[in-house]
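Welcome! Here is a short briefing to read with the structure open beside you. Take the topics in turn and look for each residue as you go.

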Amino acid sequence: MLIIFDCDGVLVDTEPVSNRCFSAALNREGLAWDVPQTMRELMGRSLKSCVAIAEAALGRALPADFVDRLQAETFAAFRREGVNAIAGVAEAIDALEAAGHRTCVASSGDIGKMRITLGGAGLWDRFEGRIFSATQVARGKPFPDLFLLAAREMKAAPDACLVVEDAVAGTEAAVAAGMRVLCYAAAPYADRDGMAAAGGEVFADMRQLPLLVG
């Protein structure tokens, strides 16, 4: 089986920092979303989609350099504060691969971001050459395009894939792709009910993942 991992919140503990930076950037533009609301509205979506959602809420276009400034601030925060792997995920990957499963990454983040986050957590080398980004498809999550791309590139049928996610948008994307989805929900901000309603199987300890995959 092909195990497709989301990146942020599944492999690396980056969501709090990313959304803190996004919230601050939106606040400067006059959109008063705190970090929890920013997570509810944007988590798990591509940056392109996030900008479109924020512009709709704001009622105007964001500045042309908004994304560049946001990414610079976010990457600086990652470098300053460090990036940790999700507890137990390296061991889970070891067990899955030892059992004969293949693995890859399919993230709403771009490759440059993943070089910093996966690299900082010591996971980039484990997945290099098997890392896919929403920048490679026309539509990001909750559409299935990214997961279908990963399956196609890895030469796996959708029904032979399992996705590990932590967001409602990603859960919806996996279900739309015809893939089973396990939803990691250990973080206090995790939308357990939303992911379950979207068709995900919710779990809270990454050490359980190999047993849940079967």
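**Around helix H6**

The buried residues of helix H6 are covered by several elements, including helix H1 (15-28), helix H4 (66-81), strand E2 (102-107), helix H7 (124-127) and strand E3 (131-133). Please keep in mind that this is a predicted model.

- Helix H6 runs over residues 111-120, and its buried residues are Lys113, Met114, Ile116, Thr117 and Leu118.
- At the start of H6, Asp110 brings a side-chain oxygen to within 3.2 Å of the backbone nitrogen of Gly112.
- Just after H6 you will find Gly122, which has a positive phi of about 80°.

**The largest pocket**

- The largest pocket has a volume of about 630 Å³.
- Lining the largest pocket are 34 residues, and those closest to its centre are Arg45, Ser46, Leu47, Ser108 and Gly109.
- Helices H1, H3 (47-58) and H4 each give at least two residues to the lining of the largest pocket.
- By residue type, the lining of the largest pocket is made up of 12 nonpolar, 12 polar and 10 charged residues.

**The second largest pocket**

- The second largest pocket holds about 270 Å³ of space.
- It is lined by 14 residues, of which Met39, Arg40, Met43, Val168 and Asp191 are the closest to its centre.
- Helix H2 (35-42) and helix H9 (168-176) each provide at least two residues of the lining of the second largest pocket.
- Which helix gives the largest share of the lining of the second largest pocket? That is H2, with five residues.
- The lining of the second largest pocket contains eight nonpolar residues, six charged residues and no polar ones.

**Ala99, a loop residue**

- Look for Ala99 in the loop between helix H5 (89-98) and strand E2.
- Is Ala99 buried or exposed? Its relative accessible area is 57%, so Ala99 counts as exposed.
- Ala99 and Gly214 are 115 residues apart in sequence, while their C-alpha atoms are 9.3 Å apart in space.

**Aromatic pairs**

- A pair of aromatic rings is described by the distance of the centres and the angle of the planes.
- Searching the whole structure turns up three aromatic pairs.
- One of them joins Phe5 and Phe127: the ring centres are 6.1 Å apart and the planes meet at 65°, so this pair is edge-to-face.
- This pair links distant parts of the chain, with Phe5 in strand E1 (residues 2-5) and Phe127 in helix H7, 122 residues apart.
- Phe5 is buried because its relative accessible area is 0%, and Phe127 is also buried, at 0% relative accessibility.
- Phe22 and Phe66 form a tilted aromatic pair, with 6.1 Å from centre to centre and 45° between the planes.
- The pair of Phe22 and Phe66 also links distant parts of the chain: Phe22 belongs to helix H1 and Phe66 to helix H4, 44 residues apart.
- Both Phe22 and Phe66 are buried.

Methods: Residues are numbered from 1 along each chain as its sequence is written. This is a predicted model: local features need pLDDT of at least 70, side-chain atom pairs count only at pLDDT 80 or more; totals for chains, interfaces and linings use all residues. Side-chain values use heavy atoms; hydrogens and water are left out. Buried means under 20% relative accessible area, exposed over 50%, partly exposed in between (1.4 Å probe, protein chains only). Helices (H or I, at least four residues) and strands (E, at least two) are DSSP runs, numbered from the N terminus. Contact means heavy atoms within 4.5 Å. A polar contact is a pair of N or O atoms within 3.5 Å; within protein, one must be able to donate a hydrogen and the other to accept it, and residues adjacent in sequence count only if both atoms are side-chain atoms. On a 1 Å grid over the protein atoms alone, a cavity is a set of points where a 1.4 Å probe fits but cannot get out, and a pocket is an open set with protein on both sides within 12 Å along at least five of seven lines; lining residues have an atom within 4 Å of a point. Grid points are joined across faces, edges and corners, and a volume is the space filled by probe spheres set on the points. Ala, Val, Leu, Ile, Met, Phe, Trp, Tyr, Cys and Pro count as nonpolar, Asp, Glu, Lys and Arg as charged, and the others, Gly among them, as polar. Rings of Phe, Tyr and Trp (its six-membered ring) pair if their centres lie within 6.5 Å; planes under 30 degrees apart count as stacked, over 60 as edge-to-face and the rest as tilted.
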